[in-house]
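Subject: Structure handover

Hello,

Here is the structure for you to look through. Please open it alongside this note.

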Amino acid sequence: QVQLVESGGGLVQAGGSLRLSCAASGRIFSINHMGWYRQAPGKQRELVAAIIRGGSTNYADSVKGRFTISRESAKNTVYLQMNSLKPEDTAVYYCRVVSVVEYWGQGTQVTVSS
């Protein structure tokens, strides 16, 4: 059984940094997509950043230049380095992994105070 375990969320002041981690336990074959999504209160879940099999990355316009996604394939782990955080980055952040099946993490809260 595959589980995604997220960590690294918390409370930070505007301008600060956080690093999120998402580790997939269990056997996953042929990962095609690893990404981070977020959902703020009253808003739809949105893509923050993703990295696909070949290593290409994709970012939401709102985080370009501030966030960096990376992965450690041998550990089935994906990271999100978040710098220059803004109050509007406050949300629950979810990890998503897609192979033959789609998996979601339980979410980790990120709160940025002004």
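Below is what was found, topic by topic.

This is a predicted model, in which local features need pLDDT of at least 70, side-chain atom pairs count only at pLDDT 80 or more, and totals for chains, interfaces and linings use all residues. Residues are numbered from 1 along each chain as its sequence is written, and side-chain values use heavy atoms, with hydrogens and water left out.

**Core**

Start with the nonpolar core. The term means a set of buried Ala, Val, Leu, Ile, Met, Phe, Trp, Tyr and Cys residues joined through side-chain atoms within 4.5 Å. Buried is under 20% relative accessible area, exposed is over 50%, and partly exposed is in between (1.4 Å probe, protein chains only). The largest such core has 31 residues. Trp-36, Leu-80, Met-82 and Tyr-93 have the most contacts inside it. At least two residues of this core come from each of β3 (18–25), β4 (33–39), β5 (46–52), β7 (67–72), β8 (77–82), β9 (91–98) and β11 (108–113). Strands are DSSP runs (E, at least two residues), numbered from the N terminus; helices would be H or I runs of at least four.

Tyr-93 is worth a click. Leaving aside neighbours within four places in sequence, its contacts include Trp-36, Leu-80 and Met-82. Contact here means heavy atoms within 4.5 Å. Glu-6, Arg-38 and Thr-108 are also among the residues that Tyr-93 contacts.

**Arg-38**

Is Arg-38 buried or exposed? It counts as buried, at 6% relative accessibility. Arg-38 lies in strand β4. Its side chain makes a polar contact of 3.0 Å with the side chain of Asp-89. Another polar contact, of 3.3 Å, joins the side chains of Arg-38 and Ser-62. A polar contact is a pair of N or O atoms within 3.5 Å; within protein, one must be able to donate a hydrogen and the other to accept it, and residues adjacent in sequence count only if both atoms are side-chain atoms. Not counting residues up to four places away in sequence, Arg-38 also touches others, including Glu-46, Val-48, Phe-67 and Glu-88.

**Disulfide**

How many disulfides are there? The count comes to one, taking a disulfide as a pair of cysteine sulfur atoms within 2.5 Å. Cys-22 and Cys-95 form it, with their sulfur atoms 2.1 Å apart. Cys-22 is in strand β3 and Cys-95 is in strand β9, so the pair ties together parts that are 73 residues apart in sequence. The torsion about the S-S bond is about -80°, so the disulfide is left-handed. Cys-22 is buried, at 0% relative accessible area. Cys-95 is buried, also with a value of 0%.

**Backbone**

Most residues other than glycine have a negative phi. Ser-30 has a positive one, near 55°. Ser-30 sits in the loop between β3 and β4. It is partly exposed, with a relative accessible area of 44%. Asn-76 also has a positive phi, of about 50°, although it is not a glycine. Asn-76 is in the loop between β7 and β8. It is buried, with a relative accessible area of 18%.

**Ser-70**

Last stop: Ser-70, in strand β7. Ser-70 counts as partly exposed, at 30% relative accessibility. Ser-70 and Ile-51 are 19 residues apart in sequence, and 7.3 Å apart in space, C-alpha to C-alpha. Not counting residues up to four places away in sequence, Ser-70 touches Thr-77, Val-78 and Tyr-79.

Best wishes
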